[in-house]
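Open the model in your viewer and keep the selection panel at hand.

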4 protein chains.
Amino acid sequence: MLVDLKRAVCEANLELVREGLVIQTFGNVSSVDRATGNFVIKPSGVGYHVLKPERMVVVSVETAKVVEGDWRPSSDTPTHGVLYRAFKDIAAIVHTHSLHATAWAQARRQIPALGTTHADCFHGPVPVTRLLTAKEVREDYESNTGRVIVERFRKLDPLAMPAVLVANHAPFVWGQTLDDAVRNAVALEYCARLASETVRLRPGSRSIPTALLDKHFLRKHGCQASYGQK
Amino acid sequence: MLVDLKRAVCEANLELVREGLVIQTFGNVSSVDRATGNFVIKPSGVGYHVLKPERMVVVSVETAKVVEGDWRPSSDTPTHGVLYRAFKDIAAIVHTHSLHATAWAQARRQIPALGTTHADCFHGPVPVTRLLTAKEVREDYESNTGRVIVERFRKLDPLAMPAVLVANHAPFVWGQTLDDAVRNAVALEYCARLASETVRLRPGSRSIPTALLDKHFLRKHGCQASYGQK
Amino acid sequence: MLVDLKRAVCEANLELVREGLVIQTFGNVSSVDRATGNFVIKPSGVGYHVLKPERMVVVSVETAKVVEGDWRPSSDTPTHGVLYRAFKDIAAIVHTHSLHATAWAQARRQIPALGTTHADCFHGPVPVTRLLTAKEVREDYESNTGRVIVERFRKLDPLAMPAVLVANHAPFVWGQTLDDAVRNAVALEYCARLASETVRLRPGSRSIPTALLDKHFLRKHGCQASYGQK
Amino acid sequence: MLVDLKRAVCEANLELVREGLVIQTFGNVSSVDRATGNFVIKPSGVGYHVLKPERMVVVSVETAKVVEGDWRPSSDTPTHGVLYRAFKDIAAIVHTHSLHATAWAQARRQIPALGTTHADCFHGPVPVTRLLTAKEVREDYESNTGRVIVERFRKLDPLAMPAVLVANHAPFVWGQTLDDAVRNAVALEYCARLASETVRLRPGSRSIPTALLDKHFLRKHGCQASYGQK
């Protein structure tokens with residue numbers, strides 16, 4: 001089942017290691033096949049050096065239950081399921097504990113759009129969720145993590161803002177393709193680090209003006225985009 | 001004697017270099033064979049590029065004296081001995097001067113549990129010992145280093161908290177297996193770095209709620225663990 | 001056309017990756033052939049792993065229009081054009097979003113000359129432009145980016161100060177040769193990082209005395225230079 | 001002349017690159033042959049990738065003039081000469097602009113002995129020189145750099161404190177052997193970085209107690225040393 005997707009998801013997981021976004025067994029990537037209503041995700045707690053396409057796990061979007069695979073899926077699987085159900089236009093999700101994005105998540109601060117590097121990728125500040133209640137943590141924790149993300153996006157477009165910081169936890173990032181999702185995860189970490197350095201140089205730094213934010217985001221995204229090759 | 005253990009300990013010492021936790025001749029790993037009452041430890045002041053299994057030193061847990069080996073054991077050997085005698089369930093000890101964990105030790109601040117990355121590995125703040133007195137430094141220094149660690153753990157479970165910061169010195173980390181001990185040393189450095197970044201973004205950061213701390217730690221440790229493969 | 005220059009510009013773009021100054025498709029290098037009035041620049045949004053000399057684009061200095069090449073030139077091409085028209089003695093331009101220089105640009109702070117490392121390369125603080133107005137952003141944005149740089153250099157010599165920080169954006173760096181421009185971009189990032197570390201250790205740090213600034217800059221640059229081989 | 005010494009000095013210069021202590025053409029290593037009264041030093045402004053033993057320059061300790069070699073010696077040669085004349089027991093000198101040590105030099109702050117890592121290598125805070133006067137900068141600058149170092153060491157033992165920070169400039173480090181000098185330069189950079197991280201976590205950090213400083217320094221240095229192999 002979904003042999004090509006397994007290969008692509010396995011490769012994307014390994015790309016996280018090469019990009020320095022994960023250590024040990026932290027982090028996971030999934031990608032969805034909307035036609036069959038299933039997504040492919042990394043197995044739980046398996047070291048990156050032994051990841052293979054055939055060890056990827058196939059999970060139903062609807063139920064978040066395993067459809068195929070001998071291995072347990074990532075413990076974050078229910079979170080992925082909630083996001084695929086709520087955000088119909090995304091094709092892949094990347095979860096890491098990458099250093100600087102996670103520091104902002106732990107500080108429970110949104111990452112302001114402090115420059116054009118950020119505006120090239122994210123159309124506004126990267127939002128942070130509310131804290132889960134003790135009850136939400138104790139019961140159905142992983143699904144509730146997805147729910148607070150969806151709650152935070154009530155007035156946000158997940159295609160214009162393909163990332164979120166889960167409070168006291170870490171980022172979740174997505175994209176319209178698997179490549180986009182990985183690229184956004186790398187960009188988020190870079191923008192988070194840039195923002196950390198910037199607020200140390202100027203503690204009260206604020207987001208850039210809307211004109212500049214729009215110019216850079218829309219130069220690269222949407223129907224008016226002029227960046228790159230046709 | 002203990003040929004397999006020597007090979008494993010030698011390899012674990014080299015792993016510290018690959019993980020960026022040690023420079024020059026700093027740092028040492030040991031592992032105990034409870035059946036014979038001996039542990040194997042790195043020789044003192046020997047560069048990592050010339051480490052070999054047969055150069056590892058075998059030391060008695062009881063006396064901390066050399067049982068076998070042509071080389072002097074690490075100068076921290078008495079500290080390892082005290083810990084093996086006090087913490088009966090640990091199998092290996094890792095001592096490094098890794099950058100961020102050592103900075104917290106030098107600042108004599110415990111590392112608060114600021115997020116789920118920390119909670120996945122450490123069931124609470126990573127504690128810091130008291131300072132040794134001048135007398136404790138001058139006489140039997142290395143054993144006294146072990147004793148202030150044990151003193152600090154009077155009300156702590158060394159399996160739920162497999163790391164400590166020795167004030168003005170550096171971390172000691174352990175585990176129920178040699179692999180666990182190395183993994184915990186890597187995780188400690190990462191959590192220390194994450195915490196440094198977080199407290200700069202939000203100076204008064206406090207530990208996460210107990211419910212979240214328990215959820216993440218117990219998801220990975222103990223009889224209720226659901227993380228990873230069965 | 002300009003086959004040797006294309007090869008050199010392609011190679012210089014790849015050097016940015018090796019030096020850690022760019023990620024993804026950010027950044028671009030160009031170099032001018034004053035005899036023909038054209039410059040060669042990286043194509044827009046093309047990954048560094050597929051850059052080849054024959055994919056470089058030839059652009060007219062006068063019009064900033066493409067003269068040769070099947071690919072769209074970098075979106076920053078009009079900025080390069082303005083700089084080549086205004087600064088007659090420069091031969092190459094490097095634009096990156098390198099971490100520390102960009103943090104200073106985002107903080108809209110000039111980088112003070114805090115030590116001899118800086119003075120060896122830059123004859124004074126590295127300046128920052130004013131913000132563009134919303135109108136300047138919306139219409140002819142890339143050319144206006146060049147114009148605010150030129151405006152900032154009204155009283156500055158671009159050969160003594162081969163770098164600028166565009167406010168809320170990132171650095172542009174240049175040189176009298178392509179090698180110089182790349183070297184200056186590397187030096188700028190290093191000096192920016194050094195300055196960040198220094199102001200954290202001493203928040204009110206000020207530029208070094210003029211005598212020391214002159215001694216180091218003039219030891220390496222201009223007709224009195226004594227550094228290096230004859 | 002001094003063929004073995006040239007090979008060793010060339011190799012030590014390259015070691016600085018591998019250790020990440022220098023970029024571009026910054027930095028230089030020299031080593032002295034006390035029997036002939038000459039020292040061997042890196043040529044000026046030559047890239048590390050083209051360094052070869054036969055390009056090293058032989059200089060007289062007494063006069064700081066070139067004795068042999070087709071290349072100009074490092075511009076810092078007169079500084080090395082002053083140090084070899086004043087500190088009779090040192091065999092080699094390393095000058096770098098390594099990031100964290102240079103930041104402390106630019107901040108004109110001595111590096112306090114904040115932990116045992118520092119105490120293992122440096123018997124007290126690493127001192128910083130006074131600023132040179134404008135006159136000292138304009139005339140005979142490089143020799144005066146050596147003189148302010150010697151002036152700062154009037155009450156210090158260069159073997160117990162094998163490093164200094166030249167204010168607004170960078171560190172000079174030395175040792176009783178060439179290997180020691182390089183090792184001390186690496187240790188200085190690590191201790192400087194550790195100290196930067198520590199003072200951010202606890203701004204008013206002070207040096208560790210004398211008992212602990214002595215214990216660690218004397219465990220590794222001098223006639224009572226017990227560290228390492230006999």
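In what order do the 7 strands of the open sheet in chain B lie? Select chain B and read across: the order is S4-S3-S2-S1-S5-S7-S6, with antiparallel pairing. Strands here are DSSP runs of E, at least two residues long, and helices are runs of H or I of at least four, both numbered from the N terminus. Two strands pair if DSSP finds at least two bridges between them.

Before going on, note that this is a predicted model, where local features need pLDDT of at least 70, side-chain atom pairs count only at pLDDT 80 or more, and totals for chains, interfaces and linings use all residues. Residues are numbered from 1 along each chain as its sequence is written, chains are lettered from A and ligands numbered from 1 in the order in which they are written, and side-chain values use heavy atoms, with hydrogens and water left out.

**Stop 1: the sheet of chain B**

Strand S4 (66–68) and strand S6 (163–165) of chain B each pair on one side only. On average, neighbouring strands of this sheet are turned by 25° against each other, direction ignored. Axes are lines fitted to C-alpha atoms, for helices over the stretch in contact, and angles run from 0 to 180 degrees between N-to-C directions.

Now select residues 92–95 and 171–175 of chain B. These are strands S5 and S7, paired in the antiparallel sense over 4 bridges. Look for Val94(B): opposite it stands Val173(B) in S7(B).

**Stop 2: chain A against chain B**

Show both chains. Contact (heavy atoms within 4.5 Å) takes in 33 residues from chain A and 30 residues from chain B. The two chains bury about 3,000 Å² between them, 53% of it on carbon and sulfur atoms. Buried area is the accessible area (1.4 Å probe) that two parts lose on being put together, summed over both.

Highlight Arg72(A), Leu99(A) and Gln106(A). In chain A they lose the most area to chain B, together 23% of what that side buries.

Next, pick Glu142(A) and Arg219(B). They form a salt bridge, with the closest N and O atoms 2.7 Å apart. The term covers a side-chain nitrogen of Lys or Arg within 4 Å of a carboxyl oxygen of Asp or Glu. The count between chain A and chain B is 2 salt bridges.

Colour helices H3 (99–106), H5 (134–138), H6 (141–152) and H7 (178–201) of chain A; each gives two or more residues to the side that touches chain B. H3(A) supplies the largest share, 6 residues.

**Stop 3: chain C against chain D**

Which residues of chain C lose the most area to chain D? Select Tyr190(C), Leu201(C) and Gln229(C), which together make up 24% of what that side buries. The contact takes 30 residues from chain C and 33 residues from chain D. The area buried between chain C and chain D is about 3,000 Å², with 54% from carbon and sulfur atoms.

Zoom to Arg219(C) and Glu142(D). Their side chains meet in a salt bridge (2.6 Å, N to O). Finish on helix H7 of chain C: H7(C) gives the most to the side that touches chain D, with 10 residues.
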